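Okay, thanks for coming, everyone. Let me put the thing up on the screen and then we'll walk through a few spots together.

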Amino acid sequence: MNGYLWMISEPLRQISFIVNMVQQSLTSSEKVFYYLDMGSTVREKEDAKAPEQYTGHVQFDHVRFRYGDNVVLDDVSFDVPPGNTLAIMGATGTGKSTIVSLIPRFYDCFEGAVRVDGIDVKDHKLQELRRQVGLVMQDTFLFSDSLAENIAFGRPDAPQSDVERAADVAQGAEFIANMADGYEAQVGERGLGLSGGQKQRVSIARALACDPKILILDDSTSAVDMETEYAIQQGLAAPEYAELTKIIIAHRISSVKDANEIIVLDDGGKIAERGTHAQLLAAGGLYTQMFHDQYRDYAQMKGGAAHG
């Protein structure tokens with residue numbers, strides 16, 4: 001008798017759990033569809049346009065940006081002609097990543113203008129604009145697929161020769177060749193099975209394989225050694241990338257010292273200093289302090305060796 005009662009009561013108890021779960025699911029799905037229907041706040045204009053030919057000329061004209069009431073960028077202006085390199089430095093939270101996010105129009109600035117090839121990004125065709133930008137962010141994301149597919153993700157029709165060339169410039173060809181299946185080696189979600197430096201090199205190769213006009217490197221060599229970083233810089237200095245506009249965010253002086261212009265942001269999101277490596281060292285400001293902080297140990301070791 002007790003067994004029959006249990007067989008009746010237990011399904012009734014389960015029904016209460018199921019009803020509660022269905023109600024929660026309905027409420028959650030309403031929120032999901034609400035945001036899907038609302039869409040992105042960044043929308044393409046009906047009369048959006050694109051230049052006849054992209055060259056990668058980037059201009060910031062008195063740009064201001066804020067998250068809520070927090071001002072992140074304040075009156076930022078610079079001009080990066082095609083083929084030039086701009087380096088951006090500053091402490092955490094000074095707006096470095098926000099600057100590069102405004103170029104492919106992930107956000108819209110509140111004041112001023114961001115222009116690519118003379119056209120305000122708000123007036124650009126979004127797909128065409130973003131196709132010209134190769135972006136390597138701090139958080140490297142790789143898909144659960146082969147290395148070749150990961151590198152060719154932004155350009156699925158890229159020939160194998162372009163994939164291998166991009167990997168070579170990013171200094172990934174050697175470690176890929178040493179893997180059992182080479183470019184067909186499978187990587188786990190988010191690059192499981194690869195080191196941090198290997199993931200960064202694959203991510204750089206992926207950006208180069210898209211054949212962009214603007215290459216943005218947001219602290220993208222932080223996990224590689226200085227020798228590999230130098231080799232990547234030399235690869236990007238090759239004649240075939242002479243017209244590629246490069247914007248580099250980095251904390252290492254070695255990553256930025258050869259840039260055509262270096263800007264240093266302060267805590268208020270303003271440009272505190274700007275110039276070449278030599279000019280900023282001569283100015284004796286924030287950049288000089290960063291230089292001495294990074295090379296103090298080297299100078300001490302060199303001085304100790306000289307005295308010895």
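Predicted model: local features only at pLDDT ≥ 70, side-chain atom pairs only at ≥ 80, totals over all residues.

Numbering starts from 1 along each chain as its sequence is written, and side-chain values use heavy atoms, with hydrogens and water left out.

Helices first. A packed pair is described by the angle between the axes and the distance between them. Take α5, residues 160–169, and α7, residues 196–209: their axes come within 8 Å and cross at roughly 130 degrees. So α5 is oblique to α7; in this scheme under 35 degrees is roughly parallel, over 145 roughly antiparallel, 65 to 115 roughly perpendicular, and the rest oblique. The axes are lines fitted to C-alpha atoms, for helices over the stretch in contact, with angles from 0 to 180 degrees between N-to-C directions. Helices here are DSSP runs of H or I with at least four residues, strands are E runs of at least two, and both are numbered from the N terminus.

Who touches whom there? On the α5 side we have Ala 166, Ala 167 and Val 169, and they meet Ala 205, Leu 208 and Ala 209 of α7. Contact means heavy atoms within 4.5 Å. By class, that's six nonpolar residues, no polar and no charged. Nonpolar covers Ala, Val, Leu, Ile, Met, Phe, Trp, Tyr, Cys and Pro; charged is Asp, Glu, Lys and Arg; the others, Gly among them, are polar.

Now the backbone. Most residues other than glycine have a negative phi. Arg 105, in the loop between α2 (96–102) and β4 (111–116), has a positive phi of about 65 degrees. Is that arginine buried or exposed? Buried, because its relative accessible area is 5%, and the cut-offs are under 20% for buried, over 50% for exposed and partly exposed in between, with a 1.4 Å probe and protein chains only. Asp 117 also has a positive phi, near 55 degrees. That aspartate sits in the loop between β4 and β5 (119–120), and at 16% relative accessible area Asp 117 is buried too.

On to a strand residue. Ile 263 is in β9, residues 261–265, and its relative accessibility is 0%, so buried. Not counting residues up to four places away in sequence, Ile 263 touches a list including Phe 78, Leu 86, Ile 88 and Met 89.

Ile 88 and Met 89 come back with Ala 250, which contacts them along with Asp 219, Ser 255 and Val 256, again leaving aside neighbours within four places. Ala 250 is in the loop between β8 (245–249) and α9 (253–256), and counts as buried at 5%. From Thr 221, Ala 250 is 29 residues away in sequence but 8.2 Å in space, C-alpha to C-alpha.

Then His 277, in helix α10, residues 277–283. It's buried at 18% relative accessibility, and beyond four places in sequence its contacts are Ile 253, Lys 257, Ile 262, Tyr 287 and Phe 291.
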